[in-house]
Amino acid sequence: DPAPGADDDASGMAGVLAIAESLAAAAAGGPPRRTLRFVLFNAEEHGLVGSKAYVRDQAAVGAPIVAAFQMDMIGFNAKDPRAFEVHAGYWPLPEVQERSRVLAERVARLTPQVSSTLPPPQLYLSRGPSGADRDPAERRSDHASFQERGYAACAVSEDFFAGPDPSAPAPEPNPNYHRDGDTFVDFEYAADIARAVGAAAWVTASM
């Protein structure tokens, strides 16, 4: 498939690598209480293959994963208000969704401290099994592999979906999603989102 993937998902991968570099420098002054792992998964488009295999192996050894912050497509933005999304919905296990919501709200709370030009993220939860009551990203990206094994997780992305409520700005999905025109990334926007995710990961690891 001739898709360069600059936004989907080289933007998210670059964000992971940039956060890893930044937090490694921060840890030189004293590591956080918990271990941080930076993981890049393959074959998401083919059924979350890489993340399912990883989380299956972690669950098999009882890995005490307290949080997973995933970035999927954080680079497309062409107009204000520079909106972005955090998805925590998981209807099958309300307790997992609740712990995932805590992570999503942590990203929201830290955003103005580290990325002051971003508005608060749009927070998506599932309030029913289908239709408009369901988080549109539920089970659609690598964070879902963690949730289905009982781990708290959220996915952070550019403003791709409508909602989550009538007051939300109109979505701005990448017009070249899964196409060979996926070559544009707003680097400052992607960096702002990555800073918010990195801050949430650091705070979580330090708790």
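In the predicted model, glutamate 158 is buried (under 20% relative accessible area, with a 1.4 Å probe and protein chains only).

The side chain of glutamate 158 instead reaches two backbone nitrogens, that of glycine 75 at 3.1 Å and that of phenylalanine 76 at 2.9 Å. Beyond the neighbours within four places in sequence, glutamate 158 is in contact (heavy atoms within 4.5 Å) with residues including Asp7, Asp72, Phe84, Asn174 and Tyr189.

Glutamate 158 lies in strand E4 (residues 153–158); strands are DSSP runs of at least two residues and helices (H or I) runs of at least four, numbered from the N terminus. E4 belongs to an open sheet of 4 strands with mixed pairing and the order E1-E4-E2-E3. The edge strands, E1 (68–71) and E3 (122–124), each pair on one side only, where pairing requires at least two DSSP bridges between two strands. Strand E2 (residues 84–87) pairs with E4 in the antiparallel sense over 4 bridges, and glutamate 85 has serine 157 of E4 as its bridge partner.

Residues are numbered from 1 along each chain as its sequence is written. Local features need pLDDT of at least 70 and side-chain atom pairs count only at pLDDT 80 or more, whereas totals for chains, interfaces and linings use all residues, and side-chain values use heavy atoms, leaving out hydrogens and water.

Key. Buried means under 20% relative accessible area, exposed over 50%, partly exposed in between (1.4 Å probe, protein chains only). Lys and Arg count as positive and Asp and Glu as negative; His and the chain ends are not counted. A salt bridge is a side-chain nitrogen of Lys or Arg within 4 Å of a carboxyl oxygen of Asp or Glu. A polar contact is a pair of N or O atoms within 3.5 Å; within protein, one must be able to donate a hydrogen and the other to accept it, and residues adjacent in sequence count only if both atoms are side-chain atoms.
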